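Please keep the sequence and the structure in view while reading.

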Amino acid sequence: MAGVAASSRQRSKIAPYLMILPALAYLAIFFVVPFVTLARTSLSSSGGSVYLPTLTFDWNFGNFVDAFTLYKDPILRSFGYAAAATVLCLLLAFPLAYVIAFKAGRFKNLILGLVILPFFVTFLIRTIAWKTILADEGWVVSALGTIGLLPDEGRLLSTSWAVIGGLTYNWIIFMILPLYVSLEKIDPRLLEASRDLYSGGTRSFRKVILPLSLPGVLAGSMLVFIPAVGDFINADYLGSTQTTMIGNVIQKQFLVVKDYPAAAALSLGLMGLILVGVILYTRALGTEDLV
């Protein structure tokens with residue numbers, strides 16, 4: 001009996017590790033191996049021709065220096081566009097998430113479905129649709145020109161505003177859903193208590209709603225900002241050569257120029273910058289309630 005009990009305890013200790021083995025194998029194959037390969041490529045020197053490039057691993061840290069020297073403007077532009085899109089997503093998503101969480105009643109699921117429905121269309125098609133909407137001969141430019149918000153020869157397409165607008169539209173769903181989840185978890189009795197204590201709407205928002213919704217703000221901001229920094233589709237279809245983002249540079253370095261070490265160095269450098277930004281942001285907001 002003692003031996004059976006000991007064997008049972010041993011199996012119970014091993015079982016959790018066996019359960020996570022598939023996940024660990026998946027991460028090793030699809031994350032660790034590609035990451036190590038990318039890191040090795042970033043420290044290599046390229047040779048050969050465009051049609052048949054060769055790589056020599058020689059600890060070439062100069063690739064990182066060249067990457068950040070030559071492409072400083074696209075990097076800064078990418079972070080600026082992503083930050084602007086994140087702020088716009090937050091400003092647009094918060095009222096909508098609040099209405100769904102507290103005011104929608106029996107229409108809550110319907111509104112959520114309508115919010116999610118456009119995102120069943122592929123990312124590329126949605127972006128091309130915005131290219132049509134913002135075209136110089138489109139109704140948006142015509143309407144803005146009529147009310148005086150655009151000059152006679154003004155345009156929206158191929159501008160920074162178009163790229164930021166595309167990023168905002170394509171990623172806003174990732175702000176709405178975390179905010180909705182955080183707001184829905186707020187006990188309505190807390191709002192009633194704040195009103196009983198003669199707290200107005202603005203004060204209740206600052207003291208009750210906003211602090212309790214910070215986990216959703218944090219999660220939504222990261223889910224929008226991180227992919228927006230590396231996005232290249234919106235800048236490619238809605239922007240111009242003056243609005244090139246770092247994702248466009250990396251794509252061209254990998255697929256057109258075929259300078260794999262430069263592209264890998266840019267990719268790793270971008271990952272590092274994003275990681276530092278995320279750490280600073282999470283420390284500023286706090287993560288103890290983010291579960």
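Val 99 has a relative accessible area of 37%, so this residue counts as partly exposed. The model described here is a predicted one.

**Annotated transmembrane regions**

- The unreviewed UniProt entry places the feature "transmembrane region" at residues 17-39, 79-102, 109-129, 161-181, 208-229 and 262-281.

- Helix H7 covers residues 160-171. Its 12 residues, at 1.5 Å a residue, should span 16 Å, and the end C-alpha atoms are 17 Å apart, which agrees.
- The buried residues of H7 are Ala 162, Val 163, Ile 164, Gly 166, Leu 167, Thr 168, Asn 170 and Trp 171.
- These buried residues of H7 pack against helices H3 (72-103), H5 (123-133), H8 (173-184), H10 and H11 (233-238).
- For H8, 12 residues at 1.5 Å each should span 16 Å, and the end C-alpha atoms are 16 Å apart, so the expectation and the model agree.
- In H8, the buried residues are Ile 173, Met 175, Ile 176, Pro 178, Leu 179, Tyr 180, Ser 182 and Leu 183.
- The cover over the buried residues of H8 includes H3, helix H4 (108-116), H7 and H10.

**Two buried serines**

- Ser 221 is part of helix H10, which runs over residues 201-230. Its relative accessibility is 6%, and therefore Ser 221 counts as buried.
- A polar atom of the Ser 221 side chain lies 2.6 Å from the backbone oxygen of Val 217.
- Leaving aside residues up to four places away in sequence, Ser 221 touches Thr 86, Met 175 and Tyr 281.
- Ser 267 is located in helix H13. With a relative accessibility of 14%, Ser 267 counts as buried because the cut-off for burial is under 20%.
- The side chain of Ser 267 reaches the backbone oxygen of Ala 263 at 2.9 Å.
- Apart from residues up to four places away in sequence, the residues that Ser 267 touches are Leu 38, Ile 250 and Phe 254.

**The packing of H2 and H13**

- Two packed helices are described by the angle between their axes and by the distance between those axes.
- Helix H2 (residues 62-70) packs with helix H13 (residues 260-285) at an angle of about 75°, and their axes are 9 Å apart.
- H2 is therefore roughly perpendicular to H13, because angles of 65 to 115 degrees are placed in that class.
- On the H2 side, the contact is made by Asn 63, Phe 64, Ala 67 and Phe 68.
- On the H13 side, Pro 261, Ala 265, Leu 266, Leu 268, Gly 269 and Leu 273 take part in the contact.

**Positive phi angles in loops**

- Trp 59 is not a glycine, yet it has a positive phi of about 55°.
- Trp 59 is found in the loop between strand E2 (53-57) and H2. Its relative accessible area is 56%, so Trp 59 is exposed.
- Lys 258 also is not a glycine and has a positive phi, here of about 60°.
- The loop between helix H12 (246-257) and H13 holds Lys 258. At 27% relative accessibility, Lys 258 counts as partly exposed.

**A further pair of positions**

- Lys 72 lies in helix H3. A relative accessible area of 48% makes Lys 72 partly exposed.
- Between the C-alpha atoms of Lys 72 and Gly 230 there is a separation of 14 Å, while the two residues are 158 residues apart along the chain.

Conventions:
Residues numbered from 1 in each chain as written. Predicted model: local features only at pLDDT ≥ 70, side-chain atom pairs only at ≥ 80, totals over all residues. Heavy atoms only, no water. Helix = DSSP H or I, 4+ residues; strand = E, 2+ residues; numbered from the N terminus. Buried < 20%, exposed > 50% of the residue type's maximum accessible area, 1.4 Å probe, protein only. Polar contact = N/O pair within 3.5 Å; in protein donor to acceptor, adjacent residues only side chain to side chain. Contact = heavy atoms within 4.5 Å. UniProt positions renumbered as here; feature names shortened; annotations may be inferred. Expected span 1.5 Å × (residues − 1). Axes fitted to C-alpha atoms, helices over the stretch in contact; angles between N-to-C directions. Parallel < 35°, antiparallel > 145°, perpendicular 65-115°, else oblique.
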